[in-house]
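Here's a quick briefing to read alongside the model.

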Amino acid sequence: MKTKNVLIGITGGIAAYKSCQLIRYFKKSGYNVKVIITKNGLQFITETTLRTLSENAVYSDTFSNSNEWSTEHISITDWADVFIIAPATANIIGKYANGIADDALSTSLLAYNKQVIIAPAMNDKMYNNPAVQRNISSLLAQGVFFVEPGYGDLACGYKAAGRMAEPDEIFRESLYFLNKTEKLEGRKILISAARTAEFIDPVRYISNCSSGKTGFRLAEASSFRGAETVLVSGPSDEKCNNFIKRIDVVSSEDMYREIIRESKDSDCIIMSAAVADYTVRKSDRKIKKNGDEIKLDLIKTKDILKELGSKKKKGQILVGFALETEKGVTNAKKKLAEKNLDMIILNETSKDNPAFGTDSNRITIITKSTIEKLPPMDKSEIAEIIFEKITALFNRGTE
Ligand SMILES: Cc1cc2nc3c(=O)[nH]c(=O)nc-3n(C[C@H](O)[C@H](O)[C@H](O)COP(=O)(O)O)c2cc1C
């Protein structure tokens, strides 16, 4: 696949230093990056830093003899698959909204006809100024995507809303636009992720090691294909883009309730969460440290996958996960049949493949008629492969 091109515009705000991290995220993920910076932006960060991080010449002066092309504002925008302005000052937002092209960045913005992403950063009084809000509304109406500023310490000493979104959030939202297709448009995909926590008493719980990385990467892959994506997640440190509807739950009972509710009109359900098999008879008060042993009463939880399998509608695709330490394929095939699944993803956890918490994994994809063992790979690549298979199942109907 062709490497995608990311153009980052930097303007004169203190958050300019955070753009360095944004460039690094894209470079680390294999994207090409070029930078345009305003004259005022260069008061905050140097061209040398940006050239070194992006591994490309930096464009800042419309008429400079060192530009690669005499009409650099056209060639650089033809080159870019997305154009991100981070940080975006009140000034650049105003210029763009009103069609002003008086420097390299504002001229390039007007010459660009693909997706523009803006991460505003400014003092809260500037941000809430009616003129700025009017300009933002006008850009929103023309399809510009805004990564909203957050609440926090501002350079002016105030604690308020106006702080640029963190680079990892800008990166995540941009990935959506860079990878967007319409392969699953009109479909609703429901995904469960991470672990559940079963409370023993008001302050303690039992749980497992599932990080949620696989489920979150699956939700991203689903959103990239244009599906309406619902992610029901147990406790997790993972984050997802804003095109995914995220529902946070804690216990297996919460997970059951949300999944059953959302499953009714879903075209595909992927149960990647490690839901507890047993919950605890919870004490209303904190259990005291009395005696050398205590006993917990464990009660079997509801089998969500089994219930989904038994109620499966015609054409609905149901995907389960199996984590095994022995007889992996045999046990996974049994689960596939017993729970009426269309596909099961087998994780075989071992010393060299912990499966939990890591960014990569080695899985086997099993359907009613196929078994495919994949080499170790990144969880986002795994999500892409699983979604190619789900798309194929949709196209030819379930087996
Ligand atoms: C220390 C300092 C920090 C600034 N931070 C911001 C900011 O975060 N957001 C903003 O809109 N303007 C900020 N400004 C004002 C802009 O730099 C000013 O409006 C400038 O004209 C913007 O030019 P540009 O959009 O071409 O980069 C700051 C100014 C100074 C001196």
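Helix axes here are lines fitted to C-alpha atoms over the stretch in contact, and angles run from 0 to 180 degrees between N-to-C directions. Helices (H or I, at least four residues) and strands (E, at least two) are DSSP runs, numbered from the N terminus. This is a predicted model, so bear in mind that local features need pLDDT of at least 70 and side-chain atom pairs count only at pLDDT 80 or more, while totals for chains, interfaces and linings use all residues. Residues are numbered from 1 along each chain as its sequence is written.

**α9 and α13**
- Helix α9 (residues 213–224) and helix α13 (residues 379–396) cross at roughly 50°, and their axes come within 8 Å.
- The pair is therefore oblique (angles under 35 degrees count as roughly parallel, over 145 as roughly antiparallel, 65 to 115 as roughly perpendicular and the rest as oblique).
- α9 passes α13 in a right-handed crossing (right-handed if the near helix is turned clockwise from the far one by less than a right angle, left-handed if anticlockwise).
- On the α9 side, the contact uses Lys213, Thr214, Arg217, Leu218, Glu220, Ala221 and Ser222; on the α13 side, Lys379, Ser380, Ile382, Ala383, Glu384, Ile386 and Phe387. Two residues are in contact if their C-beta atoms, placed from the backbone, lie within 7 Å.
- Sorted by class, that contact has 6 nonpolar, 3 polar and 5 charged residues. Ala, Val, Leu, Ile, Met, Phe, Trp, Tyr, Cys and Pro count as nonpolar, Asp, Glu, Lys and Arg as charged, and the others, Gly among them, as polar.

**α1 and its partners**
- α1 and α2 pack with their axes 9 Å apart at an angle of about 15°, which makes α1 roughly parallel to α2.
- Their crossing is right-handed, with Cys20, Ile23, Arg24 and Lys27 of α1 meeting Thr49, Leu53 and Ser54 of α2.
- That α1–α2 contact splits into 3 nonpolar, 2 polar and 2 charged residues.
- Helix α1 (residues 19–28) also meets helix α8 (residues 167–179): the axes come within 9 Å and cross at roughly 40°, so α1 and α8 are oblique to each other.
- α1 passes α8 in a right-handed crossing.
- Here Gln21, Leu22, Tyr25 and Phe26 of α1 touch Pro167, Asp168, Ile170 and Phe171 of α8, a set with 6 nonpolar, 1 polar and 1 charged residue.

**Domains**
- The chain is assigned domain 1 (5–178) and domain 2 (181–396), with bounds that come from an automatic or database domain assignment.
- The C-alpha centres of domain 1 and domain 2 are 37 Å apart.

**Ligand shell**
- The ligand is surrounded by 16 residues, with Thr11, Gly12, Gly13, Thr89 and Met122 the closest.
- Helix α4 (residues 90–97) gives the largest share of the shell, 3 residues.

- Ala86 and Pro87 are joined by a cis peptide bond, with omega about -5°; Pro87 sits in strand β4 (residues 82–88).
- Glu55 isn't a glycine, yet has a positive phi of about 60°. You'll find Glu55 in the loop between α2 (47–54) and β3 (58–59).

Technical notes. A residue is near a molecule or strand if its C-beta atom, placed from the backbone, lies within 6 Å of it.
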